[in-house]
Amino acid sequence: MGDFFTVSVLVATLASGIRLGTPFLLAGLGETIGQRSGVLNLGVEGVMLLGAFSAYYVTLETGSAVYGIFGAIVVGLIMGLVYAFITLVMHAQQGISGIGMYLFGLGFTDLLFQKNVGTPKPIRGLGEVNIPLLSDIPKVGEIFFQHSLPVYFAFALVPLVWFMINKTTFGLNIRAVGETPEAADTLGVSVNMTRLATMLIGSTMASLAGAALALEVGIFQQNLTSGQGFIAIALVYFGAWRSYGVMLGALLFGIVQATVLQLKTLGIVEGANSSLLAMAPAVLTIVVLVIVSRRVAAPGALTRPFDRSA
Amino acid sequence: MKATSTRVIASAVTALALVAASCGGSDDVADEPVDEPPAETQAEAEAEAPAVEPDAPAEASAEPIRIGIVAPSAENDLAWTQSMVDSVNRVAEGRDVEVAISGGLFVVEDAAAAIRGYAEDGFDLVIAHGTQFGGPLQEIADDFPEVAFALGTSTDFFGKENIYAYSVDAGEGGYVNGVMAAQLTQSNVIGVVGPVPAGDAKLYIDGFVAGALAQNPDVAVNVNYIDSFGDVLLASEAAKAFVQSGADVLTGTAQMVVGATGIAAEEGIPWFGTQSNQTGLGADIVVASQVYHWEVVLNTILDQIADGKLGGEAVVISLSNGGLEIEFNDGYALDAAIKASGIATIAGLSDGSITVPAGE
């Protein structure tokens with residue numbers, strides 16, 4: 001166990017935890033914005049897969065990861081529009097629609113991959129960007145300032161999302177339509193337009209989360225996300241619909257995963273103990289969800305469609 | 001009301017998260033699950049050969065032999081499922097067979113439905129390509145006594161007269177790779193990324209460790225079973241952790257290793273592959289791959305079916321029967337002496353002068 005508590009291993013573990021937590025954070029922040037406006041999107045996983053595939057495929061074809069990210073943004077916006085049409089226009093039940101989106105993303109990316117790519121082919125991802133000066137700080141630089149661009153982007157979004165939700169008129173509208181859409185409507189706030197905007201933002205961020213994953217590992221394969229989108233949704237509850245709470249959950253989840261990984265890499269835990277440890281992040285999430293769901297109320301109109309004529 | 005609603009949604013999300021996260025894990029024991037649960041069997045690969053091999057017992061009827069394959073991961077995963085798909089395609093070059101493949105059936109219940117579907121559709125041979133399918137296969141096989149089934153990797157055919165078990169001595173190729181890896185490492189630290197300690201993954205890794213230690217007892221071979229067949233990011237991070245701890249040679253097994261090969265390519269670290277030829281994942285870093293030639297199993301089973309024997313036997317592929325092959329990557333400048341030692345080890349394992357010690 002002493003091997004784990006060395007500075008180099010602890011630094012590597014924390015840096016790894018930040019990388020592992022990034023897809024959760026990006027997708028979780030987007031879902032937070034959506035849920036604060038009353039929209040639950042269980043299709044995050046499917047949109048992440050679509051974003052991952054589009055970023056991968058565009059990068060594979062063009063050789064540019066930047067184009068890949070643009071591809072993921074476009075796909076995210078399209079999926080946001082689709083989900084908005086299903087739930088806002090057609091008034092479909094959000095939970096079931098989201099699961100449909102997930103299954104669509106899972107199957108469609110597999111189909112596209114089989115037909116257009118075939119065997120997994122590596123791509124060159126974005127690579128690490130060392131922040132000048134900061135990355136040279138011993139240990140701290142290695143933990144925080146030697147990552148790929150999506151990592152910095154995700155963490156920079158945390159205060160921005162907080163500011164947008166809590167300090168802007170748009171954020172006020174989001175909170176209003178998420179709590180009492182009827183009251184917001186009487187005050188002249190367009191509930192559906194506000195929700196459309198949050199769906200577009202949330203879907204784009206989910207797509208970018210998938211892109212970040214594909215560009216981090218430099219490859220795509222069937223079900224690349226392995227359930228990360230669902231964990232991101234769970235982290236929204238974990239974080240009590242606050243951007244900093246979601247960040248905390250994502251970091252906790254990522255660092256626990258990284259710790260388990262390091263303990264196994266160093267041979268400190270093996271066999272059944274290792275399998276038990278692998279469950280740690282999920283168990284932790286369940287415990288926190290139980291606590292949070294008893295103490296913090298969800299947005300009042302979460303999952304409730306708004307129909308002015310009703 | 002709001003708190004109740006929150007709890008309901010939270011419970012649903014947690015359940016979905018755990019179920020989906022388990023997509024990355026094993027369904028039970030051996031081989032690689034991935035994802036997507038297609039509900040119906042699809043015929044995706046058809047191959048026909050105009051003539052039967054001269055030395056193969058004639059499939060007397062004019063009808064082609066119909067083979068249905070049910071597999072847990074994608075057909076082109078460069079690993080477990082692809083090894084069977086490639087093999088069946090090679091068999092189709094010499095036999096009159098019609099092949100249908102249902103890949104991506106990581107959910108055992110979905111796979112069971114596909115197995116039953118093939119049997120109901122009158123397929124002659126239904127291959128359940130994953131140890132985890134053994135449970136339902138035992139029940140299904142009783143309902144279709146005229147259909148031959150095959151289950152791998154397994155050495156247990158459950159005493160059924162219509163189930164073949166097939167397996168692989170993956171430890172042999174692991175041993176060969178380990179012998180060469182121990183000569184390539186400068187730091188004397190080698191990293192191994194595995195899914196779960198079971199099935200052919202464990203055989204390969206145990207063989208690899210034994211080979212490396214036989215070649216150089218001072219080598220430290222660190223193994224990390226990440227408890228997932230599908231989590232590419234976790235495999236990538238495991239490889240990074242190995243590199244940070246000084247490993248300068250890597251290997252791994254199962255389909256999530258595409259994450260680890262990415263790190264190997266990024267760092268210019270030699271990689272040893274298994275299951276399928278993984279040169280495509282890194283032409284500069286893949287030294288050699290152990291390739292499964294399931295056609296040895298398939299030809300044996302098809303011959304016996306032609307003779308009226310529908311099961312009750314276990315078939316194992318190995319270096320000696322040609323079911324395993326070490327394919328070197330010509331693009332990797334492997335030292336001639338190391339390659340020669342690898343070839344000598346292959347010969348020793350084939351003639352029995354070298355044996356792979358049993359793992360723990």
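**Figure 1. The parallel six-stranded sheet of chain B in the predicted model.** In this predicted model, six strands of chain B form an open sheet with parallel pairing, and their order across the sheet is β2-β1-β3-β4-β5-β11. The edges are taken by β2 (97-102) and β11 (313-317) of chain B, and because each has a single partner strand, one side of each is left without a neighbour in the sheet. On average, and with direction ignored, neighbouring strands of this sheet are turned by 20° against each other. Within it, strand β1 (residues 65-70) of chain B and strand β3 (residues 125-129) of chain B run parallel and are joined by four bridges, and Gly68(B) has Val126(B) in β3(B) as its bridge partner. Helix α2 (residues 80-92) of chain B lies across β1, β2 and β3 of chain B and runs at about 165° to β2(B). Helix α4 (residues 134-143) of chain B also packs on the sheet, where it touches β3, β4 and β5 of chain B, its direction making about 170° with that of β4(B).

Figure 2. With β6(B), the strand β8(B) pairs in the parallel sense over four bridges, and Gly191(B) has Leu250(B) in β8(B) as its bridge partner. The pairing of β8(B) with β9(B) is likewise parallel, over two bridges, with Thr251(B) opposite Phe272(B) in β9(B). From β8(B) the chain crosses through helix α8 (residues 257-267) of chain B to β9(B), and this β-α-β crossover is right-handed.

**Figure 3. Backbone details in two loops of chain B.** Most residues other than glycine have a negative phi, and most peptide bonds are trans. The peptide bond from Gly152(B) to Thr153(B), however, is cis, with omega near -5°, and Thr153(B) lies in the loop between β4 (148-152) and β5 (163-168) of chain B. In the loop between β7 (220-225) and α7 (232-244) of chain B, Asp227(B) has a positive phi, near 60°. Asp227(B) has 23 other C-beta atoms within 10 Å and is therefore buried, the cut-off being 20 or more.

**Figure 4. A loop residue of chain A with positive phi.** Leu133(A), a residue other than glycine, has a positive phi near 70° and is found in the loop between β1 (128-130) and α5 (140-144) of chain A. With 9 C-beta neighbours inside 10 Å, Leu133(A) counts as exposed, a class that requires 12 or fewer.

Figure 5. Helix α1 (residues 7-36) of chain A has 30 residues and reaches 40 Å from its first C-alpha to its last, close to the 44 Å expected at 1.5 Å a residue. A kink of about 40° lies in α1(A) at Gly21(A), shortly before the proline Pro23(A). Of the 30 residues of α1(A), 24 are buried, so this helix is largely enclosed by the rest of the structure; just after α1(A), Gly38(A) takes a positive phi of about 95°. For helix α2 (residues 44-62) of chain A, the end C-alpha atoms are 26 Å apart, which agrees with the 27 Å that its 19 residues should span at 1.5 Å a residue. Helix α2(A) is mostly covered, with 16 of its 19 residues buried, and is followed by Gly63(A), whose phi is positive, near 80°.

Definitions and conventions
Residues numbered from 1 in each chain as written. Chains lettered and ligands numbered in written order. Predicted model: local features only at pLDDT ≥ 70, side-chain atom pairs only at ≥ 80, totals over all residues. Expected span 1.5 Å × (residues − 1). Bend = angle between axes of the 7 residues up to and from the residue. Pairing = 2+ DSSP bridges. Axes fitted to C-alpha atoms, helices over the stretch in contact; angles between N-to-C directions. Contact = placed C-beta atoms within 7 Å. Right-handed = clockwise from strand over helix to strand, strands pointing away.
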